[in-house]
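Visitor: I would like to learn how to read a pocket and a helix contact. Please take me through them one at a time.

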Amino acid sequence: MDRAFQRTQILTNHLLQFSPPSPLSSNACLSYSPPELSESYAFDVKEMRKLIDGHNVEERDWLFGLMRQSKLFNPEEKGGKVFVSPDYNQSTEQQREMTWKRIEHLLERGAFKGWLTEEGEEIEMRKFAGFEVSSIYDHSLFTKLGVHFFLWGGAIKFLGTKHHHEKWLRDTENYSIKGCFAMTELGHGSNVRGVETVTTYDSNTGEFVINTPCETAQKYWIGGAANHATHTVVFSQLHINGTNQGVHAFIVQIRDADGNICPNVRIADCGHKIGLNGVDNGRIWFDNVRVPRENLLNSVADVSPDGKYLSSIENPDQRFAAFMAPLTVGRVNIACSSVYQSKVALAISVRYALTRRAFSLKPNEPEVLLLDYPSHQRRLIPLIAKTYAMSFAANYLKMLYVKRTPQSNKIIHIVSSSFKATFTWTNMQILQECREACGGQGLKTENRVGHLKGEYDVQSTFEGDNNILMQQVSKALFAEYMAAQKRNKAFKGLGLEHMNKPCPIIPSQLTSSTLRSSQFLMDALCLRERDLLNRFVADVSKCKSEGESTQQAFLMCYQLAEDLGRAFSDRAIFQTFIEAEATLPAGSLKDVLGTLRSLYALICLEDASYVRYGYLSVENGASVRREITKICSELRPHALALVTSFGIPDAFLSPIAFNWIEANSWSSV
């Protein structure tokens with residue numbers, strides 16, 4: 001009781017304290033000063049942009065210009081600058097129609113010329129550049145184009161044969177027909193092999209009959225199906241003479257030229273989503289829909305007029321893989337586009353942090369710029385390093401794809417699975433950190449960063465659930481390990497050649513120069529990948545020796561599988577960073593890039609697996625952390641130059657990246 005009385009007395013005295021009024025000193029209002037006035041560029045930002053964009057810089061800028069110059073892209077003046085961004089306050093139907101009008105506008109100006117009717121590396125890289133620019137403006141525009149060109153168009157091109165190409169590709173390129181891609185079902189997403197749609201063949205009429213036998217077989221999340229698509233590629237089990245020959249692809253018309261839904265086809269809307277509301281996702285049921293025999297995409301297998309199943313690939317697993325292999329391009333496209341959202345978010349949040357102040361360190365001193373706080377540097381600058389690393393890895397992935405051969409399909413599948421999972425996960429991490437780093441302004445839709453989270457969240461699951469993709473990567477590495485052991489030959493391919501060398505050893509004490517050495521950093525990344533692969537093989541083998549099936553053994557070792565997948569990805573990405581750095585002559589550009597390269601690898605070494613599996617001691621882990629903080633401070637003067645090098649035009653950023661005071665003034669209301 002005495003203690004309670006004492007505390008009450010102290011509180012009462014505190015509340016009743018009286019201090020004489022003092023004259024208020026007038027503080028000058030904050031003013032905006034462009035960061036370019038105080039920040040200098042120590043390297044050529046145009047040359048850096050060429051390095052990280054990698055290709056088609058002029059075509060990118062031309063497409064940016066097309067969007068800036070049209071009212072269809074919703075230009076709006078804020079704070080003395082004009083920004084282009086979709087109006088996300090529109091209804092779902094309005095957003096969908098605006099997405100379609102933007103596609104028509106770009107089509108009329110030749111933006112898609114040759115995307116399906118021309119061949120070669122140049123057109124494929126130009127197409128990738130076009131998709132990346134479209135993703136910077138709006139994920140709905142990017143996705144709607146991707147479904148039409150990469151999924152529908154890609155299926156015709158790679159799963160079809162000459163007569164399909166002649167009949168469908170040009171009409172697809174000029175949008176005489178509008179395609180969609182009916183693979184996912186209500187009951188089956190990642191497990192494509194298990195789709196329940198059934199197709200049979202009627203030899204009397206020479207037609208395939210496609211049917212949705214149950215509700216879980218309805219095609220779901222089909223982009224373009226709800227409003228605009230006239231045709232779709234349907235993935236279905238093919239039953240011939242009572243035998244299921246597995247999943248095959250068929251062309252089916254779902255609307256006529258006037259937009260009316262075709263007989264025996266039912267379509268429903270998937271409804272409002274947390275993002276991507278400019279895409280008309282729909283659900284499709286087929287009630288014994290008949291299509292000509294020629295509508296089977298038959299590059300892998302065919303059915304003769306009298307109903308005989310024909311394929312040069314007898315093994316059904318290999319046949320299924322052959323059907324899936326050409327569709328990897330969608331995964332490549334998603335992986336690469338996600339990097340550009342990270343660029344947008346970082347360009348906005350770093351520019352804001354170079355003009356927004358908070359708190360004074362001493363009385364009567366100016367408040368401190370956000371990016372001058374070590375904690376803020378630690379939040380954003382490592383993410384810049386990650387984004388540069390992903391940019392180089394994305395360029396490597398694109399070149400790997402456009403130079404593909406039948407022998408390289410497996411490598412493309414593994415690398416694209418790994419990078420798609422890593423890039424999209426990292427993008428969501430960057431968007432979240434940038435949103436928080438912008439404070440309350442990050443919540444405003446017009447400032448883009450917060451809204452992008454809802455728009456791009458889906459990338460973690462479409463074109464392959466990230467966790468499943470990482471498990472596929474680990475299974476592939478397991479297979480490579482077992483094949484090398486069986487042949488008693490050295491590892492070759494997938495960057496696993498380091499497995500043939502002696503195991504790297506991490507020094508007991510790590511100096512600053514060691515921590516920045518590219519050789520040490522590569523050794524540290526290889527050590528983790530090597531050890532986790534050995535552990536994974538040992539654990540799976542142990543489970544199998546105890547009577548578990550191979551599949552069950554993989555499932556039981558899923559945690560190691562996930563760690564291994566990330567280790568492979570980190571090492572592979574770092575390798576592309578080193579290769580990009582090696583192309584530069586000595587100078588300021590190479591110096592800054594080398595520092596970024598060290599920072600990226602050190603962030604990877606912060607991963608919990610380095611302590612969990614004993615690769616780093618607690619002391620060495622602390623040394624890594626201190627070095628990261630030190631590098632962040634060194635890169636602080638280059639922050640503006642590094643994000644300017646992303647090459648995102650001002651109009652595609654947001655008001656808080658520029659004069660955020662004027663943008664929020666009374667006169668702007």
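Guide: The model is predicted. Start with the lining of the second largest pocket: helix H11 (409–437), helix H15 (518–545) and helix H17 (558–582) each supply at least two of its residues.

Visitor: Which helix gives the most to that lining?

Guide: H17 does, with 6 residues.

Visitor: How many residues line the second largest pocket, and which lie nearest its centre?

Guide: The lining has 22 residues. Nearest the centre are Gly 495, His 498, Met 522, Arg 571 and Gln 575. The volume of this pocket is about 420 Å³.

Visitor: How do the lining residues divide by class?

Guide: In the second largest pocket, 11 are nonpolar, 5 polar and 6 charged.

Visitor: Now the helix contact. What is the angle between H5 and H10?

Guide: Helix H5 (residues 121–137) packs against helix H10 (residues 374–402) at about 140 degrees, and their axes are 10 Å apart.

Visitor: Why are H5 and H10 called oblique to each other?

Guide: Angles over 145 degrees count as roughly antiparallel, and those from 65 to 115 as roughly perpendicular. The angle here is about 140 degrees, so H5 and H10 are oblique to each other.

Visitor: Is the crossing of H5 and H10 left-handed or right-handed?

Guide: Their crossing is right-handed.

Visitor: Which residues of the two helices meet?

Guide: H5 brings Glu 121, Glu 124, Met 125, Phe 128 and Glu 132, and H10 brings Lys 398, Met 399, Tyr 401 and Val 402. By class, this contact of H5 with H10 holds 5 nonpolar and 4 charged residues, with no polar ones.

Key:
Residues numbered from 1 in each chain as written. Predicted model: local features only at pLDDT ≥ 70, side-chain atom pairs only at ≥ 80, totals over all residues. Heavy atoms only, no water. 1 Å grid on protein atoms, 1.4 Å probe; cavity = no way out; pocket = protein on both sides within 12 Å on 5 of 7 lines; lining within 4 Å. Points joined across faces, edges and corners; volume = space filled by probe spheres on them. Helix = DSSP H or I, 4+ residues; strand = E, 2+ residues; numbered from the N terminus. Nonpolar A, V, L, I, M, F, W, Y, C, P; charged D, E, K, R; others polar. Axes fitted to C-alpha atoms, helices over the stretch in contact; angles between N-to-C directions. Parallel < 35°, antiparallel > 145°, perpendicular 65-115°, else oblique. Left-handed = near helix turned anticlockwise from the far one by under 90°. Contact = heavy atoms within 4.5 Å.
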